[in-house]
Amino acid sequence: MDNSLGILEVNNLTCAINASDAMVKAAMVRLIDKRLIGSAYVTVLIEGDLASVIAAVDAGTALANEQQALICSHVIARPMDDIDLILHPETVQAKKTTGGRRKNSKVKK
């Protein structure tokens with residue numbers, strides 16, 4: 001993963017939506033996933049360049065603090081590619097079973 005990763009966890013879906021909106025408006029970042037953890041906890045994941053991710057997570061954290069919904073937030077600068085094992089296990093498994101190629105692709109000889 002070439003981009004930095006931003007993580008924001010809050011204790012309700014409404015705050016997660018509001019914080020996500022604040023993050024994408026604050027900087028040039030891309031929402032990559034949201035996880036419904038359980039007990040109404042929601043984790044939002046964003047990616048972008050390091051400065052943008054820091055600015056976005058700060059904006060989301062501030063909003064979640066105002067709503068008393070913040071559980072935690074964190075920024076990982078340029079995480080290792082192996083982090084995809086956690087973020088997108090289905091994609092990693094598909095690459096393993098197809099040898100990194102699409103199932104219908106042909107190998108040139």
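What covers the buried residues of α2? Among the covering elements are β1 (4–10), α1 (13–26), β3 (41–48) and β4 (70–76). Here, buried means under 20% relative accessible area, exposed over 50%, and partly exposed in between (1.4 Å probe, protein chains only). Helices (H or I, at least four residues) and strands (E, at least two) are DSSP runs, numbered from the N terminus.

A word on the model: it is predicted, and local features need pLDDT of at least 70, side-chain atom pairs count only at pLDDT 80 or more, while totals for chains, interfaces and linings use all residues. Residues are numbered from 1 along each chain as its sequence is written, and side-chain values use heavy atoms, with hydrogens and water left out.

Taken as a whole, the protein chain has four helices and four strands, running β-α-β-β-α-β-α-α from the N terminus on. Of its 109 residues, 32% count as buried. Among contacts (heavy atoms within 4.5 Å) with a separation of 6 or more, 70% come from residues 24 or more positions apart.

Back to α2, which takes in residues 50–66. Its 17 residues reach 24 Å from first C-alpha to last, close to the 24 Å expected at 1.5 Å a residue; that expected span is 1.5 Å times one less than the number of residues. Ser52, Val53, Ala56, Val57, Gly60, Thr61 and Ala64 are the buried residues of this helix. Seen down the axis of α2, they fall within an arc of 160°, so they line one face of the helix; the arc is that of the directions from the helix axis to the C-beta atoms. Just past the end of α2, Gln68 takes a positive phi of about 55°.

Two loop residues also turn up with positive phi. Most residues other than glycine have a negative phi. Ala40, in the loop between β2 and β3, has a phi near 70° and is partly exposed, at a relative accessible area of 47%. Arg78, in the loop between β4 and α3 (84–87), has a positive phi of about 45° without being a glycine, and counts as exposed at 60% relative accessibility.

Leu36 belongs to strand β2 (residues 30–38) and is exposed, with a relative accessible area of 60%.
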